[in-house]
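Subject: Structure for you to look at

Hello,

Here is the structure I said I would pass on. Please open it first, then read the notes below it.

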Amino acid sequence: MKRRDFLKLSGATMMSTSLLSLSQAVAAAEQGEDYKALVCVFLYGGMDCHDTIIPLDDSNYQQWAKHRSSLLSAYPTPRTPQNLHALSTPSRFNQRKFALPPEMAGLAKLYGQGQLSVIGNVGPLLEPVNASHLEQVTASVPPRLFSHNDQQSTWMSGKTEGAQFGWGGLINDALINTGKTQQTPFNAITTAEADLWLTGSNTFPYHVSDGKAGIIEILEEFDNNQALADYFAGKESSSSNNILQQDLDTLTRSAMAANSQYNDAIANTSFTLPQFPTTPLAQQLKNVCQSIATRQQLNTKRQVYIVGMGGFDTHSGQAQSLPKLQSALDGALVAFNTAIASLGLEKQVTLFTASDFGRTLAVNGDGTDHGWGAHHFIMGGAVHGGTIFGDIPPPELNHAFDAGSGRLIPTTAVDQLAASLGSWMGVDDNTLLQIFPNLKNFSGKLSLFKA
Amino acid sequence: MVHRPNSTKTKLENELSCKIYPEDGGFNTLFVESTSIGFWQDAITGEDQLRQRVAFALSEILVVSNAGGDELTDIPAAVARFQDILIEHAFGNYRELIEAVTYSPAMGTYLTYLGNQKGDEQTGRMPDENYAREILQLFTLGLVELNPDGSEKRDSNDQAIELYTNKDITGLARVFTGLVLDESGAEQAAQEEYALPMVGDPELHSTKAKSFLGYTIAAGTDVNQSITLALDHIFSHPNVGPFVVKQLIQRLVTSNPSPGYVARAVESFDSGSYVLPDGTKVGASQRGDLTATIAAIIFDKEARNEKTARSGKLREPILRFTQWARAFEVKNITPEYQEPLWDTRSANALNQHPYRSSSVFNFFRPGYSAPGTLISQNQLVAPEFQITNASSIPGYINFMTYYIFGYQQDVDVADLQADYDAENIPLDARQAVYSFLADYEYELTLADDPKALLAHLNLLLSADQLTEHTVNKITQILETLPMEEPQDSLIRVQWAILLVMTSADYLIQK
């Protein structure tokens with residue numbers, strides 16, 4: 001009998017701590033463990049791509065600084081070339097150089113150590129588009145561009161608000177279908193409310209916060225009275241013909257059952273994680289690490305996670321607000337990277353960022369407006385680190401990929417990124433083409449991962 | 001100035017007088033939370049309950065939020081005044097409401113057009129597009145053309161028809177330049193300028209022509225005139241009725257109104273009048289009249305008695321709590337003594353807090369259809385499910401337990417006073433134990449008879465929508481509770497209320 005089967009049969013609540021305290025050590029040592037997790041960090045509001053990957057070579061820096069002059073005078077740490085964190089730039093960019101903002105020292109270091117890369121100008125696309133296609137309306141573009149809620153939804157699902165399935169969930173469905181993981185309530189976990197990306201036909205979002213699943217406090221006072229517990233767990237609910245009520249019943253029953261399983265798993269697993277910053281994002285990523293550390297008790301071999309951070313809709317006061325957000329993002333990602341390494345899972349967990357859209361290169365006084373394509377990060381020991389995938393259009397207006405005011409037309413499709421991630425998780429190419437039907441319109445997946 | 005019925009700020013000033021506005025210009029938590037305190041007081045004790053209810057519904061369409069960290073958190077006068085605007089206009093006209101909202105410093109701050117400057121070709125600076133986009137997308141028209149019954153129009157390829165492009169947004173953005181705080185007569189120490197409508201600053205306002213939605217405001221038009229013309233043009237669009245009315249129905253009655261229901265209420269919105277069942281005509285016969293619209297929504301046959309398996313909505317957590325406080329005539333509604341009410345956003349509380357959603361997109365979207373549910377398979381929506389998850393389901397039970405069982409009465413007064421003093425909160429902790437006191441006087445007379453108790457609660461809390469099955473289950477549980485000690489009656493009543501208010505029969509308001 002395999003150890004995992006034994007644990008399952010023994011029942012989580014009956015397991016002794018001494019037995020389970022082995023699990024972390026075993027996991028770290030178990031080099032061949034078949035486990036992978038994908039973590040999406042969603043940056044709500046539209047992260048300013050032009051202030052994330054900053055041109056560093058002299059002529060492009062000057063050009064960028066000219067467009068951004070009214071903002072640049074207001075940053076607490078000036079974005080002078082000497083304050084930026086240079087990135088080693090692939091040779092195909094010739095003399096062009098790039099850097100991260102002063103607040104992202106930690107990410108710059110991870111880039112230098114080969115644990116982080118940049119994906120340039122990625123965004124929702126149906127087929128390749130440039131500015132003249134857009135002007136002459138000779139290409140299909142995703143509907144409802146520049147609208148927050150619809151572009152969040154489009155990033156997560158390929159469809160505008162109201163979509164039913166996200167690609168994180170569909171990737172997990174495919175892994176269930178091919179037996180790479182079991183169907184459990186814990187395959188798809190959110191610490192925010194973004195459940196769309198996680199939802200498939202057999203993959204449903206499970207919500208945790210503060211490091212544990214929800215508990216009903218009054219039940220503990222009443223010694224877990226079974227009749228009350230059953231009542232709150234929805235087991236005694238009447239069979240209504242009302243559709244909303246049927247769904248609420250189902251949701252309540254599955255949530256309560258999963259909560260008790262989850263809390264048993266956490267309580268019966270021993271692990272210590274390095275310190276995380278106190279920011280909400282870092283705490284969410286700590287929750288993710290706790291769940292990952294408990295993966296064997298949760299009986300899952302593939303997981304998709306989503307965490308969220310708001311505040312990126314910097315129409316105003318960008319020079320004050322964005323550096324704080326960048327700093328929080330930097331601290332949270334660095335802590336996550338350290339924690340995952342401490343679990344010995346650096347090659348088995350990949351994190352990437354996503355956002356509604358990028359922003360305008362043009363400034364509106366003290367902020368920027370909604371864009372389309374944006375630059376993002378991908379982090380983890382399995383990733384080809386220290387490089388830039390895709391393209392980074394020049395810091396100018398009216399170039400071939402400017403949709404107006406420096407709103408970038410994406411040069412890499414979300415589908416290309418998503419398919420690469422799905423492939424790493426273990427989904428075959430034919431299935432990926434079904435999940436991402438527009439993938440065939442592009443030059444294929446990105447080579448994000450080491451062989 | 002318009003009469004301010006039951007004004008939040010007035011109430012706060014009366015009840016807390018100088019205590020809440022720090023004289024020395026310093027802050028305390030209570031000051032920052034005064035918008036929350038005002039909301040709970042009005043929502044629970046306001047004698048104009050329907051007005052308060054509609055104002056809350058409007059606050060989830062015309063969203064501002066003081067969710068932390070920004071200016072609106074530190075300047076409660078702004079959101080307090082915004083609450084007043086919604087209360088004042090709840091039975092007024094939507095066109096006037098949109099204008100008051102547009103000039104409000106709360107919205108100006110939240111959607112970043114307070115101080116918005118005209119463009120500058122030299123530097124490439126463009127006007128801020130934030131309000132231009134959201135006033136169209138969220139407050140008036142939506143994104144796509146609608147039929148009068150709220151359904152989406154389709155083109156010959158069966159595609160929805162988008163109403164505008166980014167060029168319309170950049171054109172309209174010029175309108176919302178040059179609005180600044182009115183600092184002329186305001187006492188700035190009291191933040192009064194945030195309670196006054198913003199005024200125009202000609203220096204900052206764009207003098208260029210402003211083109212959007214097939215309409216052009218001539219070059220050289222000033223800020224006030226530009227706003228009037230722009231709002232008139234937007235408001236003249238046939239989408240306004242179906243877009244706004246359908247959401248009001250969702251907030252007040254049901255998540256999935258039939259097209260006929262939407263069309264009937266839109267007709268009242270457009271005509272500005274409605275005839276009540278007793279023959280009285282209400283409404284000022286102006287398009288956008290909210291009295292006529294609200295009457296049409298709540299007196300519609302679909303709101304009254306035509307129920308199907310698709311009817312109803314998940315009650316919002318905030319409304320479940322205010323209903324509890326109103327239903328049991330809870331005494332001493334002093335939210336300043338209720339720390340849990342200062343911020344109910346946690347998933348272990350209500351997962352929702354008035355005027356504090358995480359973005360202008362509210363706590364939930366009107367089109368939210370929880371993935372993987374019967375709701376979505378049936379092409380229905382259920383917005384409130386967006387804040388319902390494995391954390392918030394037990395969280396709500398915990399929150400209601402605290403209030404229904406009156407846990408605050410067990411507080412250590414000396415400890416609490418020390419906390420108040422440390423936080424510079426000028427309150428007497430002895431009052432805290434009397435705050436939100438529910439004595440369940442009538443319910444206690446029924447404690448010996450669980451069936452009678454349940455029948456009473458069923459009517460009071462759920463409009464008799466608990467099924468016999470649920471009533472029986474709760475009765476069985478109550479009968480297992482001991483009735484020996486004097487306090488056992490109270491405990492039985494409290495359990496009965498908690499079990500009713502956590503049942504799916506109650507939570508889905510049909």
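How much area do chain A and chain B bury between them? The two chains bury about 5400 Å² between them, and 59% of that is on carbon and sulfur atoms. In chain A, Arg144(A), Tyr231(A) and Leu244(A) supply 13% of the area that this chain buries against chain B, more than any other three residues. Counted by contacts, 58 residues of chain A touch 78 residues of chain B. Please keep in mind that this is a predicted model.

Chain A as a whole

Chain A has 16 helices and 12 strands. Its radius of gyration is 23 Å, close to the 22 Å that the globule rule gives for 451 residues, so chain A is as compact as a globular protein of that length. The C-alpha trace of chain A spans about 70 × 50 × 40 Å along its principal axes.

Of the 451 residues in chain A, 61% count as buried. Among contacts in chain A with a separation of 6 or more, 74% are between residues 24 or more positions apart.

A buried residue in chain A

Asn121(A) sits in strand 5 of chain A, which covers residues 116–123. Is Asn121(A) buried or exposed? Its relative accessible area is 0%, and buried means under 20%, so Asn121(A) counts as buried. Apart from its neighbours within four places in sequence, Asn121(A) is in contact with residues including Gly373(A), His375(A), Asp391(A), Leu408(A) and Thr412(A).

Chain B: a helix and a loop

Helix 4 of chain B, residues 49–59, is mostly covered, with 9 of its 11 residues buried. Among the buried ones are Arg51(B), Arg53(B), Phe56(B) and Leu58(B).

Glu384(B) lies in the loop between helix 18 (374–377) and helix 19 (392–404) of chain B. Glu384(B) is buried, with a relative accessible area of 1%. Which residues is Glu384(B) in contact with, leaving aside its neighbours within four places in sequence? They are Gln250(B), Arg251(B), Ser255(B), Lys313(B), Leu314(B), Glu316(B) and Phe364(B). Tyr396(B) is 12 residues from Glu384(B) in sequence, and the two are 13 Å apart in space, C-alpha to C-alpha.

Two backbone angles in chain B

Most residues other than glycine have a negative phi. Phe436(B) has a positive phi of about 55° although it is not a glycine. Tyr440(B) is not a glycine either, and has a positive phi of about 50°. Where is Phe436(B) in chain B? Phe436(B) is in the loop between helix 20 (413–422) and helix 21 (441–444). Tyr440(B) is also placed in the loop between helix 20 and helix 21. Phe436(B) counts as buried at 3% relative accessibility, and Tyr440(B) is buried with a relative accessible area of 1%.

Regards

Terms used:
Residues are numbered from 1 along each chain as its sequence is written. Chains are lettered from A and ligands numbered from 1 in the order in which they are written. This is a predicted model: local features need pLDDT of at least 70, side-chain atom pairs count only at pLDDT 80 or more; totals for chains, interfaces and linings use all residues. Side-chain values use heavy atoms; hydrogens and water are left out. Helices (H or I, at least four residues) and strands (E, at least two) are DSSP runs, numbered from the N terminus. The radius of gyration is taken over C-alpha atoms; the globule rule is 2.2 Å times the number of residues to the power 0.38. Buried means under 20% relative accessible area, exposed over 50%, partly exposed in between (1.4 Å probe, protein chains only). Contact means heavy atoms within 4.5 Å. Buried area is the accessible area (1.4 Å probe) that two parts lose on being put together, summed over both.
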